[in-house]
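Hi everyone, thanks for making time this morning. Have a look at it first.

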Amino acid sequence: MFGWRVELKTIEIRRSYLKRTRITNSIEYIEPTDIHPSKSSAALAISATPTTVVDLNLSDADIKSVLQELRPKRAYTTHFHTDHSRYWQPVKEFSSAEFYVPGADELMLTNRDSFLDNTFGKHGTREIRDIAYGVLGYKEISEYQVFEDGHRIGTGDSAIDCILTPGHSQGHT
């Protein structure tokens, strides 16, 4: 039988600098210039009414900075895996935004066993499950809105239509 040995180290990570690429007059792609593999990816910011962020999965400091700058009313996640499970906490702490999740991933928000089974598989080792809690910061969510296939984020030329594309997760949109 194979075993896993997990060694966690504390390392200093300098704050990344955010690169912003304008897609339309009111939609920006935000990405860090210095990406830490498990703590950072990219996001969309939609400045139309209501101001919205999508997958604001950056470093903690960058999430706080973007939230304080944009003051979004809505925050969406396209799917609910470990890398996306941590960004709702700063959304609640540093903004008044409503959090939106795909309906097919809803059970993963409120049931940690479902989250772990759908992320790591039913046979994920205890060590891997411990990483989800300790390193990646998974916590169950109680305050959120559900969106489904065909939901529209934004208005007019600033709209993004949500298209269900399961595979990466059941609710990947």
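So, how many aromatic pairs does a search of the whole structure find? It finds 2. For a pair, the rings of Phe, Tyr or Trp (for Trp, the six-membered ring) must have their centres within 6.5 Å; planes under 30 degrees apart are called stacked, over 60 edge-to-face, and the rest tilted.

Before the details, a word on where this comes from. This is a predicted model, so local features need pLDDT of at least 70 and side-chain atom pairs count only at pLDDT 80 or more, while totals for chains, interfaces and linings use all residues. Residues are numbered from 1 along each chain as its sequence is written, and side-chain values use heavy atoms, with hydrogens and water left out.

Okay, back to the rings. One of the pairs is Tyr 76 with Tyr 100, and that one is stacked: 4.5 Å centre to centre, with 15° between the planes. Tyr 76 sits in strand 5 and Tyr 100 in strand 6, so this pair ties together parts that are 24 residues apart in sequence. When I say strand, I mean a DSSP run of E with at least two residues; helices are runs of H or I with at least four, and both are numbered from the N terminus.

Are these two tyrosines buried or exposed? Tyr 76 is buried, at 1% relative accessibility, and Tyr 100 is buried too, at 9%. Buried here means under 20% relative accessible area, exposed means over 50%, and partly exposed is in between, using a 1.4 Å probe and protein chains only.

Now, Tyr 76 also forms an edge-to-face pair with Phe 147, at 5.3 Å centre to centre and 65° between the planes. Phe 147 is in strand 7, so here the pair ties together parts 71 residues apart in sequence. Phe 147 counts as buried as well, at 4% relative accessibility. Put together, ring pairs link Tyr 76, Tyr 100 and Phe 147 into a cluster.

Why do I call strand 6 largely enclosed by the rest of the structure? Because 4 of its 5 residues, 98-102, are buried.

Elsewhere, the pairing is antiparallel. Strand 2 (residues 27-32) and strand 3 (residues 43-46) pair that way over 4 bridges, with Glu 28 opposite Ala 45. Strand 3 is also joined to strand 4 (residues 52-54) by 3 bridges, antiparallel again, and Ile 46 has Thr 52 as its partner. A hairpin of 5 residues connects strand 3 to strand 4.

Last, the whole chain. It has 6 helices and 9 strands, and of its 173 residues, 41% count as buried.

Note on methods: Two strands pair if DSSP finds at least two bridges between them.
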